[in-house]
Amino acid sequence: MNIPFLGNRRRRTGVPDPEGIAELLAECELLRSQADRAGVRLDDSPASLEALDQLVPRWRDDEETSTWLGNDAGLYLGTVIVRTVPGAGWEIRADGQPVVRLTSGREFDVVDAGHEWAADGVPELSQLYAEVAEA
């Protein structure tokens with residue numbers, strides 16, 4: 001059935017703009033807000049991951065906040081990796097999950113790692129970064 005006012009609903013073919021995806025994934029609004037209130041500057045550096053690891057986890061009392069913060073923490077970890085580890089880049093899996101892929105082909109589910117960090121504080125974001133950076 002052709003319904004003209006709906007327009008062409010077919011998906012565009014081709015690869016999405018990698019820089020646009022990277023900028024979108026780097027927003028991490030809740031994490032940046034929480035860090036700012038705690039006096040932590042998120043400058044997309046490995047040192048900022050160490051500072052995040054030192055935050056008092058007040059968010060663990062609120063499951064919704066913890067979930068959003070975990071998502072943001074994972075995306076921020078991925079952003080730091082993509083911006084500082086040569087050859088690292090974002091990839092969106094078929095299930096829609098953003099992951100970081102290294103030139104070696106190794107893939108890191110940074111969002112899952114962020115959720116673990118927000119819930120338990122382990123593994124630390126800076127520790128995960130160090131493991132990825134040396135890989």
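Are α2 and α4 roughly parallel or roughly perpendicular to each other? Keep that question in mind while looking at the whole chain, which is a predicted model.

Colour the chain by secondary structure. There are six helices and three strands, and along the sequence they follow the pattern α-α-α-α-β-β-β-α-α. Now colour by burial: of the 135 residues, 39% are buried. Show the surface next. The chain exposes about 8,700 Å², with 48% of it supplied by carbon and sulfur atoms.

Select residues 29–37, helix α2, and residues 63–84, helix α4. Their axes lie 7 Å apart and the helices pack at an angle of about 95°. Angles of 65 to 115 degrees count as roughly perpendicular, so α2 and α4 are roughly perpendicular to each other. Show the side chains in this contact: E29, L30, L31, R32 and Q34 belong to α2, while T65, W68, L69, D72, A73 and Y76 belong to α4. By class, the contact of α2 with α4 has six nonpolar, two polar and three charged residues.

The crossing of α4 past α5 is right-handed. Among the residues in contact are L69, G70, A73 and G74 of α4 and A113, G114, W117 and A118 of α5. The contact of α4 with α5 has 11 nonpolar and eight polar residues, and no charged ones.

Note on methods:
Residues are numbered from 1 along each chain as its sequence is written. This is a predicted model: local features need pLDDT of at least 70, side-chain atom pairs count only at pLDDT 80 or more; totals for chains, interfaces and linings use all residues. Side-chain values use heavy atoms; hydrogens and water are left out. Helices (H or I, at least four residues) and strands (E, at least two) are DSSP runs, numbered from the N terminus. Buried means under 20% relative accessible area, exposed over 50%, partly exposed in between (1.4 Å probe, protein chains only). Accessible areas come from the Shrake-Rupley method with a 1.4 Å probe; for residues, only the protein chains shown count as cover. Axes are lines fitted to C-alpha atoms, for helices over the stretch in contact, and angles run from 0 to 180 degrees between N-to-C directions. Angles under 35 degrees count as roughly parallel, over 145 as roughly antiparallel, 65 to 115 as roughly perpendicular and the rest as oblique. Contact means heavy atoms within 4.5 Å. Ala, Val, Leu, Ile, Met, Phe, Trp, Tyr, Cys and Pro count as nonpolar, Asp, Glu, Lys and Arg as charged, and the others, Gly among them, as polar. A crossing is left-handed if the near helix is turned anticlockwise from the far one by less than a right angle, and right-handed if clockwise.
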